Amino acid sequence: MSLAKPNAQDISTKKKVALGIGFTGLFILVLALANVELPYKGLFLTLSLGLIIGGVVIYSRDEYLTKLEGIKNDEAWFKSISSRGTWGWVLGVVLTLFYIVLYFFAELLGLGTDGASNTGLIALFDPLSQLLSGRNASQWFVYGTLYTVAIVAFGYKFMLKYRHNRYQQLRTASVMFFQMAFAFLIPEFMYRLNSDVPYNDIKNMWPLNYYAFDQWRVDQFINSGTIGMAFLIFGILSIFVISPFLTYKYGKRWYCSWVCGCGGLAETAGDPFRHLSSKKMSAWKLERWLIHTVLVFSVVMTTAVIYTYLGYDAEKYWFNKDNFLLFVGGFLTLVFVVIMVFKRHELGKDARYGAIGYALVIVSLIAMHYTGTTNEVFYLPAGGMRSAYGFYIGSIFSGVIGTGFYPILGNRAWCRFGCPMAAVLGFQQRMFSKFRITTNGGQCISCGNCSNSCEMGIDVRAYAQKGENIVRSSCVGCGVCSAVCPRGVLKLENGSLDGRINPTDVLLGNDVDLMELMNNK
Amino acid sequence: MKNIVIIGNGIAGVTAARHIRKLSDNKITIISAETDHFFSRTALMYVYMGHMKYEHTKPYEDYFWKKNRIDLKRAYIKQVLTDDKTLVTSEGEKIAYDSLIIATGSKPNKFGWPGQDLKGVQGLYSYQDLEKLEANAPDKETCNRAVIVGGGLIGIEMAEMLRSRNIPVTFLVREDSFWNGVLPAGESGLINKHILDHHIDLRLGTNLKEIISDENGRAKAVVITETGEELPCNVVGLTAGVSPNIDFLKESGIELGRGVKVNRFLETNIKDVYAIGDCAEQHEPIGMRRPIEAVWYTGRMMGETLAQTICGNKIEYKPGHWFNSAKFLDIEYQTYGWVFSERSKSEQEAHFHWMHPDEDKCITVAYDKDSKLFLGINTFGIRMRHENFDKWLTEKRDVDYVIKHLPEANFDPEFYKQFENQILAAYNNQLQTA
Ligand SMILES: Cc1cc2nc3c(=O)[nH]c(=O)nc-3n(C[C@H](O)[C@H](O)[C@H](O)COP(=O)(O)OP(=O)(O)OC[C@H]3O[C@@H](n4cnc5c(N)ncnc54)[C@H](O)[C@@H]3O)c2cc1C
Ligand code: SF4
Ligand code: SF4
């Protein structure tokens, strides 16, 4: 049984013009990529980025400001690009190819290797890079610039789309700011001030930033004096102190929907694809296996990497190898025991999986201790593990699949299935956080708008129609489920830990005795 | 182990089934002529508008039914033989039951208008209606204009649907202001304006006289009673309310009124036959409720209740405080307790009304003129917390208390502007001048 998919409506002339402008901007980039020698690179680069942003701005204004404020999801499942139609697949393939080239064949983009000057696309970005940091562009600079442009331009679009919703506007302004300032401008300026400090986006914390504690970085931080040490200490505090505290107070949304760059792109440029995430129970199962496997992998890998460089220079590293392993093991054991003692009943069946994950890490630590006399862990060189992680998780998963597949898997495939940071924050959110999505008594009509809009594939309706709060580790607190609910059923809230998880059988509004009977069993 | 058969896979029937399964091991069969699986009728509009696909309107994944041992059968029941405890399908198949739950919902009203059965004339209730609308009005080239007859909740949804495809819509409303049998004047006025803002040609105080056919038996125009004006159109939406879908029960011996007559235990006059949801009609209205309540929530509550009775814990249907909600295009509406329109309210009911000067937001609080007892609230464009009002109604709070504590009940998303202080100021103001 299926309904025919009607054709999407024609777009207005103004939108056609906007598309023309935007694609002209893109075309300049394509010309540069094809090694067409463009004079006045600075001018052409400005023109290109300006046209792209201008195109998006004009398009968005015509799309949203010509209509009354409200939910704007008309035709999302009809338009080819946002319903896995031909255009969706074309875009998916183009993005995927772009990521493959970016990660593995940067010379195709014109990266000058061995001191040669840049050509092609990367050379086009040299003037901007010179302006900011005083050095020539790299493929990462090009990527960073385009990424920032995308977040800013599509962030503007998103803010118009939700111009009746302050929560959406504020968090979008926030991700735009963090991307622009912390991921893009500040690191470039830092380089100008102190070129010994490695590129450091301080909001990009371990384990999302899997190279945070790589030897070369730590060395550079330590060697570059106070500022480097400050960064290093901030990096450690971020994951062990700041982030647990903020997650306790506000849920993981403070990071995933307000700060994070991956989340930022997903929420802005990725917004038109949010409904494509799978809501099936099977997808949820896969999600839990995958994301926690990545987390275990990332913990073991990082431990191994740090382990291999510890101890060979007692001057630089106060820690020695064995103390470090003991410390990691001890810390994880502490966390594990605390959870098993206090939160076992909340975990339910998941407790078993938690135990498996914990056991895996501990076994790896022991293995490191016994096999890792030199550079080997598990008979695998730690460096090998590190590069495998970088390749499979850092590049293929987070980039190629995570972003390239936006039009196929939805905009948060990486955040949902792969991001180890999301796993850590999610775990805290589930166990120790005031955050929940409250459902409004008996008002749900099971329409499914919330589930449909959930980019994390949470079946929000399954909870709402039972009058049960949504307390899920994967929820990034984007607030879109709440926005689209036509009956005002959902509210993102920080409240007391008591009664945060409240399964109900009979909803508010029915006979009070029956509610008593069924809900307080 | 009883053999329980449920006719109708809507919210009422499905809730009953789910709860019976929770409480017992009985055999459960749900029969429906409409779709293989339960879907949310309230979401039909979003499918046409492209927000969702049909599959997303299903509240449970398809594996759910087998896992919970609830058998699904696609068939139309044309006869209920209560003496033999048997159902007969339109194919002639016989299905036996020990207990029968009738949860057959509603059908759109037709008031005998000339031309009401022409092609292009349709209601909006079922999945099949959605398919029809997709065929009748796929785009504005095929459908140059649609006329909607009947200014209720489904009518305004249908208007919104058609507008999402840029189809010009004329909306005929019999009342002189939208839904003013239910809404107080200020609120009804707000919605009138909002409808016009959406470029819907709203005709108040206007009745349909007839629908004119073209040479192929397809609607080509409607005629308006008051003016005799003839409006060319390709689609006519009949949305003048719904009534219980019970014609197939006429010969069954089950007592019928407008709906299937039930007592407070949701029992019909025949043993082991029950009725719930839109199609059930109470002998005596419960409190201020109507004898037939065609809303989602009551269907669900009846299902929750009846499951107890069927599983041996006989309890009355005793719904709590009334609540409801809807969305008029972009304006959300919630109501808790009772707020009546000027047309139907009692002498004792007084209203405090607040309206935002330019945003589409307003509230009406109903209270008893003498005792100041809080009776109910309507909110437009502001979300409120069900729990608070339910509690305040139970505690029999007065209107002063409710207005003062309004901020606690606010359910709008974080960072939204809050209007409770303005509301309180307006309230104090009005009381002083009054
Ligand atoms: C467009 C629309 C929007 C709505 N929006 C809201 C809303 O926002 N809020 C709200 O509270 N309510 C809303 N309603 C009303 C709400 O959907 C109904 O009150 C509710 O669905 C009724 O549920 P039910 O289980 O009683 O019956 P139904 O959902 O109507 O289910 C009855 C089923 O029984 C089947 N059936 C009937 N007779 C037979 C037979 N003889 N043999 C086999 N099968 C049969 C029907 O085909 C149907 O599938 C809306 C209704 C519509 C149409
Ligand atoms: S549950 Fe709601 S707030 Fe959480 S991720 Fe999904 S849509 Fe966003
Ligand atoms: S919570 Fe809201 S959006 Fe979700 S199913 Fe219920 S009414 Fe629909």
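Student: In which order do the 3 strands of the open sheet in chain B stand, and what is their pairing?

Tutor: In this predicted model, the order in chain B is β13-β14-β15, and the pairing is antiparallel.

Student: Why is one side of β13 and of β15 in chain B left without a neighbour in the sheet?

Tutor: β13 (208-213) and β15 (230-232) of chain B are at the edges and have a single partner strand each, so one side of each stays without a neighbour. From one strand to the next, the twist averages 25°.

Student: What makes β14 and β15 of chain B a pair?

Tutor: Pairing requires at least two bridges between two strands. Strand β14 (residues 219-224) of chain B is joined to β15(B) by 3 bridges, so the pair meets the definition. The two strands run antiparallel. Within this part of the sheet, Val223(B) stands opposite Glu230(B) of β15(B).

Student: What share of the residues in chain A is buried, and what makes a residue count as buried?

Tutor: A residue is buried if 20 or more other C-beta atoms lie within 10 Å of its own. In chain A, 47% of the 521 residues are buried. The chain has 23 helices and 4 strands. Of its contacts between residues at least 6 apart in sequence, 72% join residues at least 24 apart.

Student: Which residues are closest to ligand 3, and what puts a residue in the shell around it?

Tutor: The C-beta atom of a residue must lie within 6 Å of the ligand. For ligand 3, 14 residues surround it, and the closest are Cys444(A), Cys447(A), Cys450(A), Ala464(A) and Cys485(A). The elements giving two or more residues to this shell are α20 (449-453) and α21 (460-464) of chain A; α21(A) gives the most, with 3 residues. By class the shell has 9 nonpolar, 3 polar and 2 charged residues.

Student: How many residues of chain A are in contact with chain B, and what makes two residues a contact?

Tutor: Their C-beta atoms must lie within 7 Å. By that criterion, 50 residues of chain A are in contact with 52 residues of chain B. Among the elements of chain A that each supply at least two residues to this side are α7 (166-193), α20 and α23 (512-519). This side of chain A has 20 nonpolar, 21 polar and 9 charged residues.

Technical notes
Residues numbered from 1 in each chain as written. Chains lettered and ligands numbered in written order. Predicted model: local features only at pLDDT ≥ 70, side-chain atom pairs only at ≥ 80, totals over all residues. Buried ≥ 20, exposed ≤ 12 C-beta atoms within 10 Å, placed from the backbone. Nonpolar A, V, L, I, M, F, W, Y, C, P; charged D, E, K, R; others polar. Axes fitted to C-alpha atoms, helices over the stretch in contact; angles between N-to-C directions.
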